[in-house]
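Please look at how the parts of this protein chain pack against each other. A short report follows the model.

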Amino acid sequence: MKDFVFHNKTKIYFGKDIIKNLNEEIAKFGKKVLLVYGGGSIKRIGLYDKVIKELEKANMKVFELSGVEPNPRHTTVNKGADICKKEGIDVLLAVGGGSTIDATKAIAAAAYYDGDCWDLITHKAEVDKTLPIVSVLTLSATGSEMDGGCVISNIETNEKYGYFAPDNNPDVSFLDPTNTYTVNAYQTACGSADIMSHVFDMAYFTKEDQMEMLVRMQEEVLSTVVKYAPIAIKKPDDYDARANLMWASSWALNGFLFDGLSQSTVCHAMEHELSAFYDITHGHGLAILTPRWLSYVLDEETAPRIKRFGVNVLGVNPSLSDIDGAKDAIKALEKFFFETLGLKSRLSELGIDDKDFKAMAEKACRFDVLHGFTDLTPDDVEEIYRMCL
Ligand code: NZQ
Ligand code: ZN
């Protein structure tokens, strides 16, 4: 096991009606706030009015940036940064899902950069300062509410890149599971697949030595999603189910589950190309890729961990051989994503054919190799895309 540093600066308010604490928290950061949100769901669910009331209580001067897209665009980030520069914004308030929070993180950095935010996303320029960020989460999926990641798309160049920086974490996040009651079955399924994939990609499917406690915690987060996602889909206002998914979202990617692993996030690298080229929902791409990727990398060395996942998370028979147990685990995962959660299982069903696979595979590997459970070359990645057709 490796040495590691664990540091997470985000203060969390969790529970029903915790929004009542927003006024005192936001006021700590100054007087001028840029409220950032997506395509209007926060107005439809009545959250916008509650947030505005809190900002009025805190005597904040409110500026707004609405219309953040799923797979947020760098052009939207630039718009937000311009408002910050022009108006002298003190603090950013993101209200929404991962896309809104990610865009807000990029705005927080771009507000101090004299140029196109795309330079920061692609590391042509380094982030050296960020505005404070407060978030109100409305969709359990990405972990953006408690991590330093942000993923931004440049739709003109078919590129979607992200970066992680500890300073990018929200300073405070408000997690009220009732704000996710209106997330539809499809987004609940996609978000649940995303949570699982963070555990798989960042930590669980590895050949590196890990602390057993962390492996068990990873399995607990995975099992939590397997138990509660179907309940949330059947009964959208089940508080326990929504609460468990929300906290699983945060803990899957807040750093606690990883002890210094150095591998690439393989399925995420492959999926970000799908979203970049076809603007699909991130979690759906992951659900389609993950079982095919596991089948592709299955061998004597990878089988024990895949089987362990099947046995401890999906109820696979422990007395099977490693290879047979691993095969059953992959089948059970397919059943969970495509039958229980009801997600379409093939890229062709999302209107995707193989014409861009070569370019996508090269970009996913950055023209070299994806280091992971098994290292993947662009040819391997292209083959995995084909298995998903
Ligand atoms: O735009 P609005 O109107 O708000 O509607 C959204 C959007 O259409 C809707 N929605 C959100 N909360 C809702 C709701 N609808 C009804 N009721 C609510 N309470 O859901 C749709 C999807 O929202 P979005 O924010 O795009 O989803 P998600 O949270 O899954 O975020 C996906 C983005 O995060 C990135 C993904 O790549 C993708 O761009 N990721 C960010 C990560 C990070 N920051 O660490 C890691 C992840 O691996 C991921 O890459
Ligand atoms: Zn993800």
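## Domain interface

About 2,300 Å² is buried between domain 1 and domain 2, and carbon and sulfur atoms give 60% of that area. Buried area is the accessible area (1.4 Å probe) that two parts lose on being put together, summed over both. The contact joins 28 residues of domain 1 to 28 residues of domain 2; contact means heavy atoms within 4.5 Å.

Domain 1 covers 11-179 and domain 2 covers 183-387. These bounds come from an automatic or database domain assignment. Taken over C-alpha atoms, the two domain centres are 27 Å apart.

## Basis of the model

This is a predicted model, in which local features need pLDDT of at least 70, side-chain atom pairs count only at pLDDT 80 or more, and totals for chains, interfaces and linings use all residues. Residues are numbered from 1 along each chain as its sequence is written, chains are lettered from A and ligands numbered from 1 in the order in which they are written, and side-chain values use heavy atoms, without hydrogens and water.

## H10 against H11

Helices here are DSSP runs (H or I, at least four residues), numbered from the N terminus. H10 (residues 266-278) packs on H11 (residues 282-297) at about 130°, with the axes 9 Å apart. Axes are lines fitted to C-alpha atoms over the stretch in contact, and angles run from 0 to 180 degrees between N-to-C directions. The pair is therefore oblique. Oblique is what remains after roughly parallel (under 35 degrees), roughly antiparallel (over 145) and roughly perpendicular (65 to 115).

H10 passes H11 in a right-handed crossing: the near helix is turned clockwise from the far one by less than a right angle. H10 contributes Val266, Cys267, His268, Met270, Glu271, His272, Leu274 and Ser275, while H11 contributes His282, Gly285, Leu286, Leu289, Thr290 and Trp293. That contact has seven nonpolar, six polar and one charged residues. Nonpolar means Ala, Val, Leu, Ile, Met, Phe, Trp, Tyr, Cys and Pro; charged means Asp, Glu, Lys and Arg; the others, Gly among them, are polar.

## H14 and its two partners

The axes of H10 and H14 (residues 357-364) come within 9 Å and cross at roughly 130°. So H10 is oblique to H14. The crossing is right-handed. Ala269, Met270, Glu273, Leu274, Phe277 and Tyr278 of H10 meet Ala359, Met360, Lys363 and Ala364 of H14. Eight residues of this contact are nonpolar, none polar and two charged.

H14 also packs on H15 (residues 378-387): their axes come within 8 Å and cross at roughly 130°. That makes H14 oblique to H15. This crossing is right-handed. Among the residues that meet are Phe357 and Met360 of H14 and Val381 and Tyr385 of H15. The contact divides into seven nonpolar, no polar and four charged residues.

Technical notes:
Helices (H or I, at least four residues) and strands (E, at least two) are DSSP runs, numbered from the N terminus.
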